[in-house]
Amino acid sequence: MKNIFNKKTVIFAIYFSMGLTLGYFLGFIRFHVFFQKIGFVSYNYLHNNLNTMILDNPLVQWFIKNIVNFTPKNAFISDVIAVQGAVIAIALPLSLEIISRISERYQSGVITRKFNQRWEIKLLPILLIIDIFMAVSLKFFGQTDSINGYWKVVAWLTFVIFLMTIYILYVFFKTLRHYTTDTSFLLEQLLKDIEESLSLTTEKIKVDKKTLSRKQKQLVEALEGTGDILVFDTKNKKKNIDIESGLNKIGDKIKQFLDIQKNRPEEFEILLLSEDYLNIHNENPLNAQLLLAFNTEKHLISFTTSVNQLLRVHEAAIEVKNFEIGRHAVYHIIWLLADLCQIPNNRLLIEQLLKTLADIRRNNGEQPDHSILYYVSIRWYINVVFKANFEISSYQDLLDRYFFDSIQYLISEGQIRTFESMVASLIDSGDIRPSANYINIDTYNNLLIDLNYQNYIDFIQNKNIQEQLLKFNKISHNVRTTNKLNECLEVLTNIQKLIEPYFNNYPKDEFQKIDVSIKEFLIANFKYNNLIDIIFSVGAYCIFKEKYNYIKYLWNYKQPADSDAFWIGHDIVPSSLNFLINLYFGNSLSHKRFKLFWENHHGSELYYKQYFLLLLLREFQKNGPSEIQKLINDFRFPDYLDCHSLNNINYSVDNLVEIAQDLKSQIDALKSIGFEITKVVNDIDSGLIPFLENLKPLVELQLKRLIKEQNISHIKVNEFKQNFIKEFTNTTVVRNIMNFLGLYENQINNNSNFQHFYGICEVINKEAFFEEWYSHWFNPGGDFGRGLARDEDSKIIDEIEQYCEEIDVSQLDRILDSLQEDLHNVIIIAINSDLNRFFVKNLNFTRSSSNSSKTLEVKGFKGWYRCKNHEIPVFEVYCNKQDRRILILDKFNLGKITQYSPVMDEDYENLVDSFYINVQSFSENEDLMNSILQNPPDWLTEEGDQVQQRNHLDEKVIIKIYENLEFEKHQDFKGYLIKLTDIDNSNLNDFV
C-alpha cells in the first residue's frame with residue numbers, strides 16, 4: 001500500500017482525472033457512448049441519470065458557466081512562453097551546478113544519482129517542453145484573439161501545465177535547498193531506501209531472485225550514501241549528537257538486516273552474497289566456497305558495505321581528531337559482533353568484524369588514542385565473551401585467537417599504558433564473574449529430603465542417577481575446554497531427565513531455576529578458566545619478547561608488596577602448586593598452545609615451560625626453607641587430573657629440570673620480574689628442582705590409584721567379545737574345512753553331558769578395558785581370537801594325526817594307488833608347508849589362483865592335485881607346532897567335530913556365539929579376589945605378601961574364554977601322515 005500511495009502516483013492520478021473530466025465536459029470524451037457500445041448499460045439510462053445527477057448539480061452548473069464556457073485569450077500564450085523560458089534558463093543550469101556541488105561536497109556518486117532520480121528533477125524539464133510546445137502551437141495556428149473549438153482544450157491544458165510547472169518549480173527549489181544544506185533530510189531519505197530494501201513480504205512466499213538482486217543493489221547504494229553523509233558531517237565537525245544518531249540508525253538497520261537471517265535464511269543469502277558468487281555457486285559449489293574463503297569481503301557485499309560505513313566514519317573522526325565519534329563507531333562494531341555471536345553459522349561475518357577491529361588497532365598508531373586502542377584490543381573481548389547471554393559456541397577459538405593477537409600487538413609495540421588497562425580491567429572488572437550464583441548439584445539431594453523422604457531414599461538408591469551425579473562432580477571441577485564443557489552439560493541434561501519424576505510435586509519453574517543456575521555456573525567457570533589460560537600464554541609471550549616488566553606488572557597489580565590493604569579481584573595469575581600443575585599439564589593449555597600463533601617461525605614450547613617454572617618458583621619464593629620442604633612433601637595431585645595429564649607430567653619432568661637448571665644463569669631477567677635475587681638460586685636448587693623430581697613417583701602412585709578405582713567399561717568388554725568372534729571366524733581353518741565337508745555339527749542349544757572345555761584363562765592389565773587411557777590397547781579381542789583359532793586348529797589336527805598311519809614320503813604313490821577307487825573322497829592337508837615350493841615343478845598340481853582352476857569357497861583351500869583322472873583338493877593349515885606334515889585323508893571315513901555348549905553354572909549371559917567369554921575385574925568382584933588369594937598361583941606369590949598380591953590384582957582383569965568341542969573319529973577311519981624333514985621338503989617334487 002505504501003508503494004501505491006507515494007507522491008508520484010498520486011500526482012499522476014490527479015492529472016489523469018482532471019484530463020478525463022475536462023475532456024468529458026468539452027465533449028471530446030463521451031463515457032456514456034463508450035459504455036453503451038460495450039453493452040454494460042443503455043444509452044437512455046445513462047443520458048437521463050447523468051443529466052439528473054451531474055448536469056443539474058449547482059456546483060457543476062457553476063463550473064460550466066465560469067470555466068467551460070470561458071474562452072481564453074490568445075494573448076496569454078506569450079506570457080506562458082516567456083515564463084517557461086525563464087524557468088528553463090534558471091532551473092536547468094542550476095540543476096547542473098547543484099549536481100556538481102553535490103558531487104564535490106559529499107564525494108558521493110550515490111547522492112548525485114539520488115538527486116537525479118528525484119521525480120521533480122525528471123518531470124520539470126518534460127512539462128516545460130510540453131507546455132512551451134503547446135503554447136507555440138497556439139500562437140502559430142491561432143487565427144483570432146479568442147480561442148475556440150479544439151484549441152480551447154489545448155489552451156486549458158497549457159494553462160493547467162503552467163500551474164503545475166509553477167508548483168513543481170517550488171518543489172524543485174525546496175529539493176535544492178535540502179541537498180545543499182540539510183544533511184539530515186538526505187540521511188532520512190537514504191534510511192528510507194534501506195528500510196524499503198529490507199522490507200520483504202510478510203507472507204510465507206519466497207521473493208524471487210531478480211527482486212532480491214534489485215533490493216541488494218538498492219541496499220548497498222543507500223548504505224554507501226549514508227556513509228557519505230556521515231563522513232561529510234564528521235569532517236565538517238557537525239554536532240556529535242547528530243552524527244551519533246546517524247550511526248545508531250545505521251546500527252539498527254544492520255541488525256534489521258541480520259534478523260532476516262533468522263526467519264528467511266535463503267533470501268538473506270541472496271541479499272548478502274554478491275551476484276558473481278551466486279552464479280559460480282550454481283555451477284560449482286566447491287569452487288564458490290573456496291572463492292568465498294579467499295575473498296570474503298568482496299563476496300559478502302552487503303555486510304561488507306555495512307561495516308565499511310562504520311569504519312569510514314571512524315577514520316574520518318580520527319582524521320579530524322574527533323575521538324568521541326571515533327569511539328562511537330567502534331562501539332557499534334563491537335555491539336554488532338556481540339549480536340552476531342548469538343547466531344550460529346556466522347563465522348565468516350564474525351571474522352570479518354574481528355579483522356576490522358584489528359585494522360583499527362594497527363592504524364591507531366598514526367593518530368594515537370588510548371581509549372580507542374583499549375576498546376579494539378581488549379574491551380571488545382570482555383563485552384562479547386562475558387556478556388550475560390553469550391553461550392559458548394563454535395566461535396570461542398576464533399575470539400580467543402584474535403584476543404591473543406591483540407595482546408601480542410600491545411606487547412610487541414610497547415603499548416604499556418593499554419596493557420596496564422587490560423590488566424586492571426581483567427582483575428577489577430565486574431563483568432567477569434567466575435562463580436556467580438552457584439547452586440551445587442547436591443541441591444537435588446537436599447531438596448528431596450524436605451519434599452519426600454521416601455523419594456529421597458529411592459533417589460539415592462538409584463544406581464544410574466548416582467553414577468551420573470558422580471560423573472558430573474568429577475568433571476565439573478575442571479571445566480577448561482569446550483569439549484569438557486559440552487560433556488558436562490550433556491551429563492547435566494541426563495541427570496535432569498532421570499530426576500524429574502522425583503520432583504513432580506515441586507514447582508516446575510523453581511526446578512528449572514536450579515538447572516539454569518548450574519548451567520550458568522559451568523559456563524561462567526569455563527569462561528574464567530579460559531581467560532586464565534590465555535593470560536598464561538601472554539606471560540609466555542612476554543618472555544619470548546623479553547618484556548619482563550610486563551610480567552612484573554601482571555603479577556603485582558592485584559596485591560603490590562607495599563599495599564596497605566588486601567585487595568579483592570580476579571586471580572588471573574594462578575598462585576598454587578595444584579592449580580599450576582593442572583593448568584600446565586591439563587588438556588586445555590596444550591590445546592590452545594597450537595592455536596595461538598606467534599610471529600615468524602618461532603616456536604612457543606620453550607617459553608611456556610619457562611613461564612610455568614617461573615610461576616612455580618614464585619610460590620617457593622614466598623616461603624622459607626622449612627616451608628618449602630613441607631610444600632614438596634605435602635603436595636598431592638588433584639583427583640580430577642586425568643591419566644593423559646599424569647602421563648604428560650611423567651614425560652616432561654626431565655626436560656623441565658634441565659630448563660630449571662638454566663634459570664640460574666638468567667639472573668638479570670629474574671631480577672626484572674621481581675624475584676629476590678639473594679635467595680633465588682637456593683630456591684631453585686632446594687625447592688623447584690626437588691619438587692619436579694618428586695613428581696615422577698607421585699605420578700606412578702596416582703596412576704595406580706586411578707587404575708584401582710576405575711571400573712572397566714561394559715562397552716569395551718562387549719567390543720572385546722565382538723572383535724574376538726570376528727577375528728576367530730576369519731582365522732580358523734580346520735573348523736571351516738570340516739564344515740565345508742559336512743563334518744561339523746553344532747549342538748550348542750542341545751543339552752549334553754559332554755564337557756571337554758578348551759580355551760583361555762589369562763590375567764591382563766585392567767586398563768585394556770578402559771574407555772579412556774593414555775596408552776592404547778590395539779584390539780586385544782582380535783589378538784585372543786586369532787590365538788585361540790590357531791590353538792583350535794592345532795588341537796583338531798593333533799587329534800586326527802594320532803589316528804593316522806605314518807608313512808614315508810617315498811610311499812606316497814603307493815598309498816594313492818591303493819586309494820584309487822576312493823580318490824573322489826580323498827583330501828590332502830599340508831601343515832605348516834609351503835605348497836607353492838613343494839609343487840613348483842609338478843604339473844599335476846594346479847594353484848587355486850590359476851585362471852584355469854575352479855575354486856572352492858572355503859578358507860585354507862590352495863588348489864587341486866590331479867591323480868588318476870581325479871582332482872584331489874589340497875588345503876593348507878598352520879599350527880602351533882613348527883614341524884611340517886602332510887595328511888592324506890578319506891573324508892568319508894574321517895569322522896566329525898561336534899560343538900557343545902560351553903556354559904558353566906547356567907551363566908548364559910556370557911555365551912557369545914559358540915564361546916563362553918567372561919571378563920571380570922578383581923577390584924570390582926570381592927569373591928573373585930578372595931578365591932584367588934586363598935590359593936595364589938606362582939606368578940601371584942612372586943608379588944609378595946597378601947597385601948601386595950591384592951594391590952597387584954587391583955590393577956588386573958581375568959579373561960576366561962572357553963569352548964566345548966569334540967572330535968569323534970569314524971569307526972572305519974582311514975588316514976595317512978607324512979612327516980617332512982628338510983630333505984623331504986626340498987625333494988618332495990621328485991615323488992609327486
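**Helix α25 and a few other spots**

The buried residues of α25 are covered by, among others, α22 (443-451), α23 (453-461), α24 (463-476) and α26 (508-544). Keep in mind that this is a predicted model.

So which residues of α25 are buried? They are Leu485, Cys488, Leu489, Val491, Leu492, Ile495, Gln496 and Ile499. These residues lie on the same side of α25, because they span an arc of only 160 degrees around the axis. Here is the general background. An α-helix has 3.6 residues a turn, so residues three or four places apart point the same way.

As for length, α25 covers residues 482-499, which is 18 residues. From first C-alpha to last, α25 reaches 26 Å, close to the 26 Å expected at 1.5 Å a residue.

Next, a pair of helices. In general, two packed helices are described by the angle between their axes and the distance between the axes. Our pair is α30 (residues 605-621) and α32 (residues 643-663). How do their axes cross? They come within 10 Å and cross at roughly 70 degrees. An angle of 65 to 115 degrees counts as roughly perpendicular, and therefore α30 and α32 are roughly perpendicular to each other.

Who makes the contact? From α30, it is Leu606, Lys609, Gln610, Phe612, Leu613 and Leu614. From α32, it is Asn655, Leu656, Ile659, Ala660 and Leu663. Sorted by class, this contact has 8 nonpolar, 2 polar and 1 charged residues.

Now two backbone spots. Most residues other than glycine have a negative phi. Asn779 has a positive one, near 50 degrees, and is not a glycine. Where is Asn779? Look in the loop between β2 (757-765) and α38 (780-801).

Is Asp913 buried or exposed? Exposed means over 50% relative accessible area. Asp913 has 54%, so it is exposed.

Last stop, Ile126. You will find Ile126 in helix α7 (residues 119-141). Its relative accessibility is 46%, so Ile126 counts as partly exposed. Now pair it with Thr165. Ile126 and Thr165 are 39 residues apart along the chain. Their C-alpha atoms are separated by 9.8 Å.

Conventions: Residues numbered from 1 in each chain as written. Predicted model: local features only at pLDDT ≥ 70, side-chain atom pairs only at ≥ 80, totals over all residues. Heavy atoms only, no water. Helix = DSSP H or I, 4+ residues; strand = E, 2+ residues; numbered from the N terminus. Buried < 20%, exposed > 50% of the residue type's maximum accessible area, 1.4 Å probe, protein only. Axes fitted to C-alpha atoms, helices over the stretch in contact; angles between N-to-C directions. Parallel < 35°, antiparallel > 145°, perpendicular 65-115°, else oblique. Contact = heavy atoms within 4.5 Å. Nonpolar A, V, L, I, M, F, W, Y, C, P; charged D, E, K, R; others polar. Expected span 1.5 Å × (residues − 1). Arc of directions from axis to C-beta.
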